[in-house]
Amino acid sequence: MSYYGLPREVIPWFPTVDVDVCAGCQECFDFCGNGVYDWDDNDGHPVVVNPYNCVIGCSACAKICATEAISFPTLKEIAVLIQQLQKQQLENAA
Amino acid sequence: MSDKPRFVMCYCTGECPGFQGMNLWQLINRVRNELDVEYAIVHPQLCVDDGDRFWRDNLKPGNRYIVGGCDPRMQRKMFKDTIADVGGNYDDQVIALDLRNMPAEEAFAKVAEVIR
């Protein structure tokens with residue numbers, strides 16, 4: 001997978017779950033159509049198993065989380081990083 | 001102001017598996033041409049910040065909106081408060097349709113069913 005020419009793995013966009021705040025409702029796990037999460041039946045909370053399946057810019061799971069246990073970087077941070085990476089890529093190609 | 005419904009297709013960035021099998025432009029153009037709607041448009045992702053800004057910028061109390069997208073339960077959870085913030089009422093104004101995992105023909109039939 002890539003993000004418009006950049007390897008997906010160089011862009012740290014994926015959810016972080018605060019398991020202390022997580023209520024175990026499984027809404028995030030049920031909602032994500034990209035298999036980012038697996039469910040830990042023992043502890044009753046989601047586990048991010050495929051972080052780079054997460055669609056950059058998508059934070060829908062965080063929005064539906066009733067306890068605000070899920071967080072993402074800001075899009076601004078990611079935009080700045082993407083610009084730096086693209087610039088670096090151009091310099092390397094030159 | 002027209003009381004025709006407005007159709008908004010929320011296309012989940014175009015990268016989510018749920019809509020990979022759908023010809024988006026076939027759906028949108030058939031809805032625009034064949035159904036009595038005020039307009040039919042596409043938003044890449046209503047459930048994140050610029051989706052909130054879409055509602056804040058466009059929603060008018062009294063207008064009806066049909067939103068094609070994901071699970072209606074989730075749509076309600078994600079749009080209700082933002083719509084209320086701008087004087088609207090989700091339950092009165094929005095019909096959410098789950099159009100995932102189906103071709104454009106089937107999706108069109110679901111939209112038509114609600115409009116006709």
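The radius of gyration is taken over C-alpha atoms, and the globule rule is 2.2 Å times the number of residues to the power 0.38. This is a predicted model, in which local features need pLDDT of at least 70, side-chain atom pairs count only at pLDDT 80 or more, and totals for chains, interfaces and linings use all residues. Residues are numbered from 1 along each chain as its sequence is written, chains are lettered from A in the order in which they are written, and side-chain values use heavy atoms, without hydrogens and water.

Q: Why does the radius of gyration of chain B agree with that of a compact globule?
A: For 116 residues the rule gives a value near 13 Å, and chain B has 13 Å, so the two agree.

Q: What makes a residue of chain B count as buried, and what percentage is buried?
A: Buried means under 20% relative accessible area (1.4 Å probe, protein chains only). By that cut-off, 48% of the 116 residues in chain B are buried.

Q: How many helices and strands does chain B have, and what makes them count as such?
A: Helices are DSSP runs of H or I with at least four residues, and strands are runs of E with at least two, numbered from the N terminus. Chain B has five helices and four strands, in the order β-α-β-α-β-α-α-β-α from the N terminus on.

Q: Which residues of α1(B) and α5(B) make the contact between these helices?
A: Contact means heavy atoms within 4.5 Å. On α1(B) the residues are B:Gln26, B:Leu27, B:Arg30, B:Val31 and B:Glu34, and on α5(B) they are B:Ala104, B:Glu105, B:Ala107, B:Phe108 and B:Val111.

Key
Buried < 20%, exposed > 50% of the residue type's maximum accessible area, 1.4 Å probe, protein only.
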